[in-house]
Amino acid sequence: MVSSLSKKLSTGHAINDIADKPWLLFFFGVVIAPLLEEILFRLPLRYTPTNLTLPTFLWIFTILSLLVGTKVIPAALLLPLLCIAVLGCLFLRIWLKEKVPATPIHKLYEKWIGLLFYSCAIIFGLVHITNFQLSSGQAFLFTPLLVSPQILIGVLLGFVRLKYGFWWCVFIHTFHNGLFIGQMLLYQTALGAMSASQKAERFINSPKLVRAIFGMFWLALLSVCLVVVVRMVLEWRAEGHHPVND
């Protein structure tokens with residue numbers, strides 16, 4: 001459904017930008033992106049001073065990079081602003097570690113964990129709208145549908161992060177991206193003499209048989225996500241009826 005909708009609403013996909021360098025695509029998509037995205041969206045779900053300050057710095061860096069890239073601020077200001085951000089985040093970490101008791105913050109986390117959890121999952125999904133080169137401004141109205149797979153994955157990864165720890169959600173995110181991009185690279189290799197961008201376009205707009213195979217894969221993944229979400233809700237409700245003492 002998302003694939004059909006995206007073909008009607010977008011003129012391309014961000015994956016085409018580095019399709020001519022497939023191993024660079026694999027490195028950024030399978031190694032760099034999962035680690036950075038998990039730090040940004042899942043690391044803060046458990047409080048420590050580092051878990052709060054490291055994502056804060058990465059968010060500042062990301063926003064400043066976007067502002068420089070869109071020429072809202074001059075590039076010459078990027079380095080001084082980043083130095084200020086580094087010093088500010090270091091000061092924040094020291095202040096949280098040395099001056100702020102952890103217990104009140106943990107209680108705030110317990111109170112607002114639901115809002116934090118689902119907000120991170122939704123924002124994680126919405127950010128991925130930048131993957132699409134939308135054909136018109138009205139196409140943005142379909143953003144919730146276009147990024148619905150990423151929102152579901154965000155819920156799954158958030159649950160894994162809370163249940164099993166940060167590095168497990170990094171591993172699952174890496175495995176998820178690697179499964180998709182790895183199959184794409186194999187598909188590109190099988191196509192032979194086509195240019196990489198043509199291969200990527202052929203892959204994204206693949207024949208019915210290939211679409212059916214990937215449809216079955218995503219249906220299975222969706223089923224897993226739904227089962228995990230149901231179990232997560234049941235476990236959290238059970239914990240709410242039987243609170244555990246600190």
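The model is predicted: local features need pLDDT of at least 70, side-chain atom pairs count only at pLDDT 80 or more, and totals for chains, interfaces and linings use all residues. Residues are numbered from 1 along each chain as its sequence is written, and side-chain values use heavy atoms, with hydrogens and water left out.

**Overall fold**

- The protein chain has 10 helices and 2 strands. These are DSSP runs, numbered from the N terminus (helices: H or I, at least four residues; strands: E, at least two).
- Along the sequence the order is α-β-α-α-α-α-β-α-α-α-α-α.
- The chain has 246 residues, and 34% of them count as buried (under 20% relative accessible area; exposed is over 50%, partly exposed in between; 1.4 Å probe, protein chains only).
- Take contacts between residues at least 6 apart in sequence: 71% join residues at least 24 apart. Contact means heavy atoms within 4.5 Å.
- The chain exposes about 15200 Å², with carbon and sulfur atoms supplying 73% of it. Areas come from the Shrake-Rupley method with a 1.4 Å probe; for residues, only the protein chains shown count as cover.

**Helices H2 and H3**

- The axes of H2 (residues 22–41) and H3 (residues 49–69) come within 8 Å and cross at roughly 115 degrees. Axes are lines fitted to C-alpha atoms, for helices over the stretch in contact; angles run from 0 to 180 degrees between N-to-C directions.
- H2 and H3 are therefore roughly perpendicular to each other (65 to 115 degrees; under 35 is roughly parallel, over 145 roughly antiparallel, the rest oblique).
- Their crossing is left-handed (the near helix is turned anticlockwise from the far one by less than a right angle; clockwise is right-handed).
- Leu36, Ile39, Leu40 and Phe41 in H2 meet Leu54, Pro55, Leu58 and Trp59 in H3.
- This contact has 8 nonpolar, no polar and no charged residues (nonpolar: Ala, Val, Leu, Ile, Met, Phe, Trp, Tyr, Cys and Pro; charged: Asp, Glu, Lys and Arg; polar: the others, Gly among them).

**Helices H5 and H7**

- H5 (residues 102–127) packs on H7 (residues 148–164) at about 140 degrees, with the axes 7 Å apart.
- The two helices are therefore oblique to each other.
- H5 passes H7 in a right-handed crossing.
- H5 residues in the contact include Ile113, Phe117 and Phe124; those of H7 include Ile151, Val155 and Leu162.
- The contact residues divide into 10 nonpolar, 4 polar and no charged.

**Lysine 97**

- Lysine 97 lies in helix H4 (residues 78–98).
- Lysine 97 is exposed, at 53% relative accessible area.
- Proline 49 is 48 residues from lysine 97 in sequence, but 6.0 Å away in space, C-alpha to C-alpha.
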